[in-house]
Amino acid sequence: MEVHEGQSSQSSESPESSPSSESSESCSTDCTCAVSVHCRAHPCTCSYCKDYGEQAKKCRWRLNIRNYTKLQSTRKKRLDYLKLWRKVKNDGKLKVAPDYFSLAARKGIDTSSPHCPRQRVTLRELSYERNLLNGTTILNLKKSFGRCQIRADGLVPTLGDGCLGFFLPSVASYLTVDQLLCLSGLSPRKNKICYELANDQNNGDMEWMMGNTMTLPVVGPVLSVALGMLRP
Ligand SMILES: [Zn+2]
Ligand SMILES: [Zn+2]
């Protein structure tokens with residue numbers, strides 16, 4: 001189990017909130033989403049959680065995340081990140097780094113989205129090992145924990161199967177279909193018809209399709225390099 005990371009620069013991910021704003025550690029909503037907590041505001045509807053209630057031990061996504069957090073590499077990442085926070089807060093005994101929701105609340109970001117408990121817990125768990133509030137951080141949150149790709153280098157990890165649910169933690173919202181079309185190289189002015197057609201389709205279908213296609217502005221440079229490598 002591994003969260004696949006892109007070529008993100010770790011150096012840009014130092015903690016960024018000021019030590020003086022430590023007071024609030026809780027989310028502004030009643031959300032208590034955590035690996036072992038069945039949040040009342042965002043209940044998991046999988047058969048295990050539904051049938052066995054709180055702290056369902058067999059819930060698949062919770063198991064995935066638990067396994068990930070037990071990995072040696074994960075523990076090291078969290079410890080390294082925690083050390084940065086200890087310096088920021090000038091507290092050598094700080095036990096755990098502030099999570100995404102508490103940091104977002106301090107910045108006045110509305111984190112009512114996402115609504116899915118798995119996605120909320122994914123954000124919380126990832127925020128113990130890196131700063132998600134960097135403006136360039138993006139991840140495909142609708143993928144399962146082990147398959148979501150996260151980058152913080154200004155690029156979007158679209159080279160996967162589908163562009164499902166690209167989430168920008170710094171503004172707590174998903175990329176829209178129109179934004180994905182822009183990223184695909186289609187101009188909102190010159191390719192207006194594409195935007196009109198896309199808006200008539202199901203958003204999920206469009207996200208899948210755009211993750212598996214390349215537009216001409218992208219295909220052109222790729223092909224020219226490939227053709228240049230061919231021997232006459
Ligand atoms: Zn919740
Ligand atoms: Zn569940």
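I take helices (H or I, at least four residues) and strands (E, at least two) as DSSP runs, numbered from the N terminus. I number residues from 1 along each chain as its sequence is written, with chains lettered from A and ligands numbered from 1 in the order in which they are written. This is a predicted model, and local features need pLDDT of at least 70, side-chain atom pairs count only at pLDDT 80 or more, while totals for chains, interfaces and linings use all residues.

**Entry: Ser113 and the cis bond**

I began with Ser113, which sits in the loop between H4 and H5. Pro114 is in the loop between H4 and H5 too. A cis peptide bond joins Ser113 and Pro114, with omega at about 5°.

For burial I count other C-beta atoms within 10 Å of a residue's own: 20 or more is buried, 12 or fewer is exposed, and in between is partly exposed, with C-beta atoms placed from the backbone. Ser113 has 13 such atoms, so it is partly exposed.

Which residues does Ser113 touch, leaving out those up to four places away in sequence? I found Ala172 and Ser173. A contact here means C-beta atoms, placed from the backbone, within 7 Å. Ser113 and Ala172 are 59 residues apart along the chain, yet their C-alpha atoms are separated by 6.3 Å.

**Entry: two positive phi angles**

Ala172 is not a glycine, but its phi is positive, about 50°. Is Ala172 buried or exposed? It is buried, because 20 other C-beta atoms lie within 10 Å.

Asn90 is another non-glycine with a positive phi, about 55°. Asn90 has 8 other C-beta atoms within 10 Å, so I log it as exposed.

**Entry: helix H3**

I checked the length of H3, residues 72-89. The expected span is 1.5 Å times one less than the number of residues. For the 18 residues of H3 that gives 26 Å, and the end C-alpha atoms are 26 Å apart, which agrees.

**Entry: helix H5**

How many of the 10 residues of helix H5 (residues 117-126) are buried? The count is 10 of the 10, so H5 is largely enclosed by the rest of the structure. The buried residues include Arg118, Arg120, Arg124 and Glu125, along with Val121, Leu123 and Leu126. They pack against helix H2 (60-70), helix H4 (100-106) and strand S3 (149-151).

**Entry: the core**

A nonpolar core is a set of buried Ala, Val, Leu, Ile, Met, Phe, Trp, Tyr and Cys residues joined through C-beta atoms within 7 Å. The largest one has 33 residues, and Tyr100, Ala104, Leu139 and Phe166 have the most contacts inside it. Elements giving two or more residues to this core are H2, H4, H5, strand S2 (138-140), strand S4 (166-168), helix H6 (177-183) and helix H8 (203-211). H4 gives the largest share, 4 residues.

I then looked at Phe166. Beyond four places in sequence, Phe166 touches Ile138, Asn140, Val156, Tyr174 and Leu175.

**Entry: Asn191**

Asn191 is in the loop between H6 and helix H7 (192-199). With 19 other C-beta atoms within 10 Å, Asn191 is partly exposed. Asn191 and Leu181 are 10 residues apart in sequence, and their C-alpha atoms are 9.7 Å apart.

**Entry: the whole chain**

I count 9 helices and 5 strands in the chain. Along the sequence, the pattern is β-α-α-α-α-α-β-β-β-β-α-α-α-α. Of the 232 residues, 29% are buried. Among contacts between residues at least 6 apart in sequence, 66% join residues at least 24 apart.

**Entry: confidence**

pLDDT is the predictor's confidence in each residue, from 0 to 100. The chain averages 82, and 81% of the residues score at least 70. Where is confidence lowest, and where highest? Strand S1 (residues 4-5) is lowest, at a mean of 53, and H3 is highest, at 95.

Residues 6-14 stay under 50, and the model has 20 contacts for them beyond four places in sequence. Residues 16-28 are below 50 as well, with 20 contacts in the model beyond near neighbours in sequence. Where pLDDT is low, the predicted coordinates should not be read in detail.

How values were computed. Two residues are in contact if their C-beta atoms, placed from the backbone, lie within 7 Å.
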